[in-house]
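Morning, everyone. Please have the sequence and the model open.

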Amino acid sequence: MRYLFYLAHPAKFHFHRTTINKLLKKGNEVDILINTKDILEELVVEEGWKYTNIFPNGRKIHFLPSYLSALFILPLNLYRLFAYIRGSSYDLFIGPQLCAIGKIIGTPTIYVTDDDIHTTPNQIPNFVMSDYVLAPKLCDIGVYNHKRICYDSHKALAHLHPKYFKPNVDNLPPCLRNDIIYFLIRLSKYNSIHDSNSRN
């Protein structure tokens, strides 16, 4: 099968990393699109994946407020995605802006989220256009819950399962490197959202 992933943030890399590697190992064709965001490209290069960066200068217009920047960037984002897939055929799209394209050309899509619908109503277009929504079991997406594929975790922590993740103890001070037992504590407001000033 042939898959197209759009990874717009380092968190998306971490969330999809194991899935992409398993798909590749099983002989599937996986195309990966990214944009420049923090260390995302470094992570993809380090993983050894072939990829295309459709926004090498990033997706933000820095002199505009973020909501205005998003309004200008969205049509350009869709145009670049359309230009990339023109003449190609895929079995599944995974990624937010790919939901709209999938709806238009008839390719099934998966949208990934971990925000409740009432906290981030700006996601509603993606809920409407996607075929499936991959979300934590505790995530409420209202009338679109029938599209949901649930899992028992938080999206931001799912990639840290001990089966796939081991901490690099070399990053710790020498006095903390012996017999390490580690755990994670995630602190945030209930209504904190991605890139929000409300996040603690």
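Let's start with a question: is Ile105 buried, partly exposed or exposed? Keep in mind that this is a predicted model. Ile105 has a relative accessibility of 43%. Buried would need under 20%, and exposed would need over 50%. So Ile105 counts as partly exposed.

Where does Ile105 sit? The residue belongs to helix α4, which covers residues 98-105.

Together with Phe82 and Ile104, Ile105 makes a nonpolar surface patch. The area of that patch is about 280 Å².

Which residues of α4 are buried? They are Leu98, Cys99, Ala100, Ile101 and Gly102. And what covers them? Three strands are part of the cover: β1 (2-7), β4 (92-94) and β5 (109-112). The cover also includes helices α3 (66-85) and α5 (124-129).

Next, charge. Which residues gather in a patch of positive charge on the surface? Four lysines do: Lys22, Lys25, Lys26 and Lys163. Take Lys163. You'll find Lys163 in the segment after α6 (155-158). Its relative accessibility is 60%. The cut-off for exposed is over 50%, so Lys163 counts as exposed.

One backbone point. Look at the loop between β2 (29-35) and α2 (40-47), where Asp38 is placed. Asp38 is not a glycine, yet its phi is positive, near 50°. Is Asp38 buried or exposed? At 59% relative accessibility, Asp38 counts as exposed.

Let's zoom out to the whole chain. The protein has six helices and seven strands. Along the sequence the pattern reads β-α-β-α-β-α-β-α-β-α-β-β-α. There are 200 residues, and 37% of them are buried.

Contacts next. Take those between residues at least 6 apart in sequence. Of these, 45% join residues at least 24 apart.

Last, the surface. What does the accessible surface of the protein come to? About 12,500 Å². Carbon and sulfur atoms account for 57% of that area.

Note on methods. Residues are numbered from 1 along each chain as its sequence is written. This is a predicted model: local features need pLDDT of at least 70, side-chain atom pairs count only at pLDDT 80 or more; totals for chains, interfaces and linings use all residues. Side-chain values use heavy atoms; hydrogens and water are left out. Helices (H or I, at least four residues) and strands (E, at least two) are DSSP runs, numbered from the N terminus. Buried means under 20% relative accessible area, exposed over 50%, partly exposed in between (1.4 Å probe, protein chains only). Contact means heavy atoms within 4.5 Å. Accessible areas come from the Shrake-Rupley method with a 1.4 Å probe; for residues, only the protein chains shown count as cover. Patches are made of residues with over 30% relative accessible area and no salt bridge: like charges are joined within 9 Å, nonpolar side chains (Val, Leu, Ile, Met, Phe, Trp, Tyr) within 5 Å. A salt bridge is a side-chain nitrogen of Lys or Arg within 4 Å of a carboxyl oxygen of Asp or Glu. Lys and Arg count as positive and Asp and Glu as negative; His and the chain ends are not counted. The place of a charge is taken as NZ of Lys, CZ of Arg, CG of Asp or CD of Glu.
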